[in-house]
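Please look through the sequence and the structure shown here before reading the notes below them. The briefing is meant for a reader who is new to describing proteins.

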Amino acid sequence: MTKIIDDLKYAASHEWVSVDDNGIATVGISDHAQEALGDIVFVELPEPGTTVNAKDEVSVVESVKAASDVYSPVSGEITEINEALLDAPETVNASPYDNGWFFKIAIGEEADLDELMDAEAYSDHCGDE
Amino acid sequence: MGQRTPLYQKHLDAGAKVVDFAGWDMPINYGSQIEEHNQVRTAAGVFDVSHMTVVDVAGNDACDYLRHLLANDVAKLDEAGRALYSAMLKPDGGVIDDLIVYRTSFGYRVVVNCATRDKDLAWMQEQTTGFEATVNERPELAILAVHGPISHEKAIGLLDANKAETVGTLKNFRGAELGDWFIARTGYTGEKGLEFILPAADAPALWDQLLAVDVKPVGLGARDTLRLEAGMNLYGQDMDETTSPIVSNMAQTIAWEPEDRDFIGRAAVTEQLNQQGQGALPALTGLVLEERGVLRAGQKVITDQGEGVITSGSFSPTLKHSIALARIPIDSTSCEVELRGKPTPVRIVQPNFVRFGKKVFE
């Protein structure tokens, strides 16, 4: 069983979101996603300052097996990226919910969060695949 | 549930992620494909390849039969134990399978791919007409491949004195029959190694002994990246019945001499070699992408001479960038691959990337 963290929100496309008190969301991919991808060898990240819509392709992960898009779960402006992943993409495999985060985004539309799943719903979603 | 090798439970015990491979439940990895790959390049790993098909060929005409059946010439095997890599062709030159054939005390032992088992056996049987030769599958045998720079020390240390002495003096591409075990210096990784063809009942104990001396289990995922780095073709991906060995970097595995040897497909591949010389047929070559991104099978390649396609592509864990095999027009000097919508220049190299842990292309 892959790990699902209780107090995060999840997109159907397997990104997780953690929102802080200032309306900044941190986004990564779930343990289920990294497990399915296998060893990750490259990560492409968005430019800080870019404005994105919810469900836009903003990032790419390439594993030994396949390339996969990462979508922004919410709209807003990218404020920060995890540059450590450029040289150490395997961090995503080792620590998907912590050191393996992808980017931070200043949430433009709070309502986007309502579209996301809680841990329980996401667990069911993974089980259904 | 698919077919299972005698080591299925051992794979589960080692934490394998099991996938379907041509109807077999096989380990794709035991955690990290890249770590397993590096284990084989730097130390020693063991693969269960018992899904592969072992076929013994015997009879007074066994040699003549195989000289007709195979594009390479088993007459080169001048003593028991010697091994040969060959294609088995259709009359039109299409590759039915690629295989290893060993000369043995009883005749020959042939190891073919598992996905092609049924058609291979049918074809091999059909071609015995007119020869006093028998073709017997040996499904009761398992195969363990132990590969890596310290694989010999590790594996030989587990053998009794008699076996150890024989295996310790084996030359590359040679094997030895030791009771009901056959041990050979052959493999599919570009590293030193040994392959053990042995009764299924003996396989789990050998597996346990290897793991006990720190030889690590390696899955089919790493097997694929290791063979790709070594520039070795994968049947069904880099060649199949629709492709000639000439366009699959296998021309050098065809024995053209003696000229009067009538092997199946001879006329067709002779003509295809001529056509390639005139630029009418492509060649299988190596591609290297030194920037970020991963070349993948099926991607279109555009060269200064026309279009081609990637047949195998992956990230090379040893080189830390992507490599590929691609079928492209001959004499191409520059080429691009469209990666995620962006034309990206790639370098054309000899299709051989890593041997004995080191980069080998310029």
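The notes below take up a sheet in chain A and then the overall build of chain B.

This is a predicted model, and every value given here was computed from it. In chain A, 3 strands form an open sheet with antiparallel pairing, while chain B has a secondary structure of 9 helices and 21 strands.

**The sheet in chain A**

- The strands of this open sheet follow the order 4-6-7, and strand 4 (40-44) and strand 7 (67-71) of chain A stand at the edges, where each has a single partner strand, so one side of each is left without a neighbour in the sheet.
- From one strand to the next, the twist averages 25°.
- Strands of a sheet pair through backbone hydrogen bonds, and the pairing can be either parallel or antiparallel.
- Strand 4 of chain A pairs with strand 6 (residues 57-63) of chain A in the antiparallel sense, over 4 bridges.
- Glu44(A) stands opposite Val60(A), which lies in strand 6 of chain A.

**The overall build of chain B**

- Chain B contains 9 helices and 21 strands, and because its radius of gyration of 20 Å is close to the 21 Å that the globule rule gives for 362 residues, chain B is as compact as a globular protein of that length.
- Taken along the principal axes, the box filled by the C-alpha atoms of chain B is roughly 60 × 50 × 40 Å.

**Burial, contacts and surface of chain B**

- Of the 362 residues of chain B, 56% count as buried.
- Among contacts in chain B between residues at least 6 apart in sequence, 66% join residues that are at least 24 apart.
- Carbon and sulfur atoms account for 49% of the accessible surface of chain B, which comes to about 14,800 Å².

Note on methods. Residues are numbered from 1 along each chain as its sequence is written. Chains are lettered from A and ligands numbered from 1 in the order in which they are written. This is a predicted model: local features need pLDDT of at least 70, side-chain atom pairs count only at pLDDT 80 or more; totals for chains, interfaces and linings use all residues. Side-chain values use heavy atoms; hydrogens and water are left out. Two strands pair if DSSP finds at least two bridges between them. Helices (H or I, at least four residues) and strands (E, at least two) are DSSP runs, numbered from the N terminus. Axes are lines fitted to C-alpha atoms, for helices over the stretch in contact, and angles run from 0 to 180 degrees between N-to-C directions. The radius of gyration is taken over C-alpha atoms; the globule rule is 2.2 Å times the number of residues to the power 0.38. Buried means under 20% relative accessible area, exposed over 50%, partly exposed in between (1.4 Å probe, protein chains only). Contact means heavy atoms within 4.5 Å. Accessible areas come from the Shrake-Rupley method with a 1.4 Å probe; for residues, only the protein chains shown count as cover.
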